[in-house]
Amino acid sequence: MSEKRHLTQDMFEKVHDNFTEAEKINRPSVSYWEDVWRRLKENKLAMFGLIAILALTILAIIGPYLNSYTYYEQDFTKKNLEPNVDHWFGTDQLGRDIFTRVWYGARISLFIGLMAALIDFIVGIVYGGISGISNERTDNAMMRIAETLYAIPYLLLVILLMVVLEQGLWTIILAMTITGWIPMARLVRGQVLQLKQQEYVQASEALGATMKWKLHKHMIPNTLGPILVNVTLTVPTAIFAEATLSFLGLGIPAPQASWGTMANDALDSILVGNFYQLFFPAILISLTMFAFNVFGDGLRDALDPKLRQ
Amino acid sequence: MLNYIFKRLVWAVVTLWVVITITFLLMHSIPGNPFAKEGTMPEAVYNNLQQYYHLDEPLAVQYVIYLKQLAQFDFGPSLKSKTITVNDYIVNGFPVSLHLGIQALIIAVCFGLIFGVIASLNRNRWPDYLAMVLSIIGISVPSFILATFLINYVAVEWRLLPVATWESWSHTILPSISLAMMPMAYIARLMRSSMLEVLGQDYMYTAKAKGLSRHMVILQHAFRNALLPVVTVLGIITTNLVTGSFIIEKIFGIPGMGEMFVIGIFNRDYPVILGSTIFYAAILIFLVFLVDIAYTFIDPRIKITGEGE
């Protein structure tokens, strides 16, 4: 330590030639949605759900063409066949190919689920959004109406409408969405009311933004997260309601089939030992609901910035 | 407080009135006449029947007559079986459905709470994963699928329990389990997240710091407070049990109100559908009212804000 140090110029190096270097961002910037996707990818169960949803959708599209049978073609010489080389999932009590019918049913069940979710989404956003940005009296009145309608038991109302209306695909969707939009409207309204208090919205208002602008540029993008989760979880609810309706004989008219009608048709056959007829639609309903539920849960966790690490 | 109860009661009555009106109008919007089919009927008999059921009156008068009947708890006659009224159906069927519903509710609440608590105390360890995967499966598998699987394996293949009907206690086990599964899974998930939130509160540390035993802390402090959100969903749970029982009673051939409702739908027996819908709605609206009131008694924080209004 006693040795004296000579400090020369060349021992030093200038750190930054200019100050912009210090401000340079070295790591790639991660947007909110990229971050959400990264967290979602780590959730194995949610990814399983996503892959299952994609696989089911693809099979619903191409499944009915994978063999030469149609969903309505009856062959009485081939009734109640167990799964075999010709009929991969066997045949039903009218000799129809279950493999083709199952994927045809997937189209109908998924279509009903997605359409119901889409309609709930649109009506819910419009109603909830308007209610949220309106003055207090309009808001109160709109919410009271929604609350009263929502107090009517969902499945009871759906059943009632199906009794009154003519059976068909769009009737089912109508019956399901008639009060199905209300939870979404409440969610959107709650989010909008919360956002209304935020400074940046007030700033935008002070700058003369119109109601339409506020809704488009501030309210909707910022409420998208919880809404997406709600949409994802509406799909299994609708598929479940459709299956229940079909099971009560109020579903899709024959010869078309959804998973619910197939399960209902197969109910008599389990007592004579043809359990496989029920097995395939039952597993597919459960798998679809499972996939949407775990994906929705995973999405909820991934969208929560508090869980960010 | 009394003011609050009164307000809720008024809303319950208004909701019930909306349900009655909607159901009445829907049922009367169906074209045709219940006696038109029986073509061999003499003119005089037909006119007498029309008069007896007030079908010759204008709709508004029929509506008032029906409301008066309802006020005296008279749900009118059944169209299909001439000697039985809708009241008879309710008196015979309701106790059976109530028995099934209460048994299922007990299973759902007890096991749901136990699974939820176990999962929360073992967060991110195998009991947690096990309980949560089981509960997602519980939510994803529709009750009619679970019921048919149980019938196929437990009753038909292994012959452990009777297949159907409603005679002894062993007949009630399978239907109760099938009905309880979905609400149980729902309660378990809710209880888990509620417990996790409470366990992170400061007063939990205080309780531990005071030297209370782990049992005392969990039971007295965590469990009691975590129970609150579960109480709020009891209304929804009961609705699920009631509407779920339509299907369970149909599958198991249980002579309850649900089966009667389903048969009424199948026969297009409009007074039965109308009467049972209103009866169900009245019960459910009343239960939701009770839960709301009970909640203000359980949670002191709500009581204060309720009085402040």
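This is a predicted model: local features need pLDDT of at least 70, side-chain atom pairs count only at pLDDT 80 or more; totals for chains, interfaces and linings use all residues.
Residues are numbered from 1 along each chain as its sequence is written, and chains are lettered from A, with ligands numbered from 1, in the order in which they are written. Local features need pLDDT of at least 70 and side-chain atom pairs count only at pLDDT 80 or more, while totals for chains, interfaces and linings use all residues.

**View 1. The helices of chain A.** Chain A has 12 helices and zero strands; helices (H or I, at least four residues) and strands (E, at least two) are DSSP runs, numbered from the N terminus. Of the 309 residues in chain A, 40% are buried, meaning that 20 or more other C-beta atoms, placed from the backbone, lie within 10 Å of the residue's own.

**View 2. Contacts within chain A.** Two residues are in contact if their C-beta atoms, placed from the backbone, lie within 7 Å. Among contacts in chain A with a separation of 6 or more, 70% join residues 24 or more positions apart.

**View 3. The side of chain A that touches chain B.** The contact takes 29 residues from chain A and 33 residues from chain B. Elements of chain A that give two or more residues to this side are helices H6 (154-164), H10 (211-247), H11 (259-270) and H12 (275-303). H12(A) gives the most, with nine residues. By class, this side of chain A holds 24 nonpolar residues (Ala, Val, Leu, Ile, Met, Phe, Trp, Tyr, Cys and Pro), five polar (the others, Gly among them) and no charged (Asp, Glu, Lys and Arg).

View 4. Residues 129-156 of chain B are 93% helix and 0% strand, with end C-alpha atoms 32 Å apart. Residues 168-188 of chain B are 95% helix and 0% strand, and their end C-alpha atoms are 30 Å apart.

Conventions: A residue is buried if 20 or more other C-beta atoms lie within 10 Å of its own, exposed if 12 or fewer, and partly exposed in between; C-beta atoms are placed from the backbone.
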